[in-house]
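Keep the viewer open and follow along.

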Amino acid sequence: MGIMPFYTAIVTLLAVAFCFYLAARVVFARGRYGVHAPAVTGHPEFERIFRAHQNMLEWMPLFFVPLWICAFYLSDRVAAGLGLAWVASRIVYFIGYTRAAEKRISGFMIQTTICVLLFFAAVAGLALHANG
Amino acid sequence: MGIMPFYTAIVTLLAVAFCFYLAARVVFARGRYGVHAPAVTGHPEFERIFRAHQNMLEWMPLFFVPLWICAFYLSDRVAAGLGLAWVASRIVYFIGYTRAAEKRISGFMIQTTICVLLFFAAVAGLALHANG
Amino acid sequence: MGIMPFYTAIVTLLAVAFCFYLAARVVFARGRYGVHAPAVTGHPEFERIFRAHQNMLEWMPLFFVPLWICAFYLSDRVAAGLGLAWVASRIVYFIGYTRAAEKRISGFMIQTTICVLLFFAAVAGLALHANG
């Protein structure tokens with residue numbers, strides 16, 4: 001535990017890179033669909049892109065916190081593997097959401113499942129630490 | 001400071017668990033009140049649940065950052081104790097907000113006070129560290 | 001890497017302090033412009049203040065994550081220097097946005113550039129770590 005989890009740090013930067021991309025998509029969607037700040041509604045295409053970005057932000061604490069507790073207390077590789085799957089599920093979610101609101105569901109279910117798995121992995125890591 | 005703050009990690013996971021619960025409440029409220037994504041307005045009950053979740057997310061950086069700086073630089077137990085009180089105040093806030101918008105105020109005042117206390121505890125921790 | 005990045009911790013608390021200020025401005029703007037919770041629209045002045053706060057929150061993961069990876073893997077001072085510039089750019093952004101929506105642009109460009117720089121500094125830090 002004296003060293004930083006290296007693979008988890010890489011996956012963390014991948015998640016941040018995808019969020020940069022979503023932020024850029026929101027900026028471009030403002031121009032394309034004529035939704036001027038501070039408005040965040042007014043065109044359904046814009047609203048789906050905006051909400052896809054927001055939803056990723058909303059889930060970031062539920063992802064990053066268990067991810068890093070898992071990385072420190074259980075395993076860097078387990079955390080990084082689940083983290084990579086999470087980034088992939090957020091890409092699936094975004095592609096689905098940009099097509100139609102209903103098409104966001106499967107990506108959402110996968111990303112939620114991964115966050116729950118990471119949560120229990122973090123709890124397991126803390127339990128092991130308490131007993132050893 | 002070479003070891004991870006154990007009690008603070010537990011309280012952090014409790015805060016995350018409550019945020020999972022709020023995210024689930026928003027999902028169920030969409031169905032119950034017929035507010036379909038990407039809309040986030042349209043029914044007052046839904047809007048209060050949605051905003052209660054959002055507000056917790058908005059305060060997470062103002063909670064987690066001072067919490068962990070306090071845990072590392074001042075005391076794991078002080079951080080964990082205040083952190084536990086914060087989670088309780090967010091539950092009070094949520095229960096109040098789901099009843100009526102005005103009933104969110106007392107929980108909000110308590111959670112704000114705890115975040116301010118954690119902030120000054122974090123500053124104190126850094127000041128001690130700089131002097132010693 | 002066994003010690004906590006001290007200057008980065010100070011800059012992190014500065015960013016949190018400014019976010020506390022923005023949260024307070026939103027609370028006061030609700031009263032001043034008569035936008036009662038759970039509504040987050042209804043008056044253009046309120047909406048610009050609300051969105052300026054939201055936008056800072058949206059960028060926090062894109063700031064804090066690269067900031068701390070840079071601090072741990074590359075340099076505490078580089079991270080803290082860029083972090084201080086980011087807080088300044090968020091102040092510029094907020095002052096601009098409260099005046100007119102278009103006046104947020106220059107602050108936004110600066111803060112985005114700094115987050116991108118921090119991201120590449122974090123990648124460089126991880127690359128150095130992998131090779132050495």
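What pattern does chain A follow, read along the sequence? The answer is α-α-α-α. Before the details, some housekeeping: this is a predicted model, in which local features need pLDDT of at least 70, side-chain atom pairs count only at pLDDT 80 or more, and totals for chains, interfaces and linings use all residues. Residues are numbered from 1 along each chain as its sequence is written, chains are lettered from A and ligands numbered from 1 in the order in which they are written, and side-chain values use heavy atoms, with hydrogens and water left out.

**The fold of chain A**

Chain A has four helices and zero strands; here helices (H or I, at least four residues) and strands (E, at least two) are DSSP runs, numbered from the N terminus. The C-alpha trace of chain A spans about 60 × 25 × 20 Å along its principal axes. Of the 132 residues in chain A, 58% are buried. Buried means under 20% relative accessible area, exposed means over 50%, and partly exposed is in between (1.4 Å probe, protein chains only). Take the contacts in chain A with a separation of 6 or more: 72% of them come from residues 24 or more positions apart. A contact, by the way, means heavy atoms within 4.5 Å.

**How the copies relate**

Two copies of a chain are related by a rotation about an axis and a shift along it. For chain A and chain C, a rotation of 120 degrees with 0.0 Å of shift along its axis does the superposing, at an RMSD of 0.0 Å. The two copies are thus related as by a three-fold rotation axis.

**Where chain A meets its neighbours**

Start with chain C: 23 residues of chain A are in contact with 25 residues of chain C. The area buried between chain A and chain C is about 2000 Å², and carbon and sulfur atoms give 81% of it. Buried area is the accessible area (1.4 Å probe) that two parts lose on being put together, summed over both. Met4(A), Leu13(A) and Phe20(A) supply 33% of the area that chain A buries against chain C, more than any other three residues. Helix 1 (6–33) and helix 2 (44–73) of chain A each supply at least two residues of the side that touches chain C, and helix 1 gives the most, with twelve residues.

Now turn to chain B. Here 25 residues of chain A are in contact with 23 residues of chain B. About 2000 Å² is buried between chain A and chain B, with 82% from carbon and sulfur atoms. In chain A, Glu58(A), Leu62(A) and Phe119(A) lose the most area to chain B, together 26% of what that side buries. Helix 2 and helix 4 (105–131) of chain A are the elements that give two or more residues to the side touching chain B; the largest share, twelve residues, comes from helix 2.

A salt bridge is a side-chain nitrogen of Lys or Arg within 4 Å of a carboxyl oxygen of Asp or Glu.

**Salt bridges**

Side chains of opposite charge can pair when their charged atoms come close. Over all chains the count comes to six salt bridges, including these:

| Salt bridge | Closest N to O distance |
|---|---|
| Arg48(C) and Glu45(C) | 3.5 Å |
| Arg51(C) and Glu58(C) | 2.9 Å |

Arg51(A) and Glu58(A) are both buried. In chain C, Arg51(C) is buried at 9% relative accessible area, and Glu58(C) is buried at 7%. Arg48(C) and Glu45(C) are three residues apart in helix 2 of chain C, so about one helical turn separates them. Arg48(C) is buried at 10%, whereas Glu45(C) is partly exposed at 30%.

Cys70(B) is buried, with a relative accessible area of 0%. Likewise, Cys70(C) is in no disulfide, and the sulfur of Cys115(C) is 12 Å away. Cys70(C) also counts as buried, at 0% relative accessibility.

Technical notes: Disulfide = S-S within 2.5 Å. Least-squares fit on C-alpha atoms with pLDDT ≥ 70 in both.
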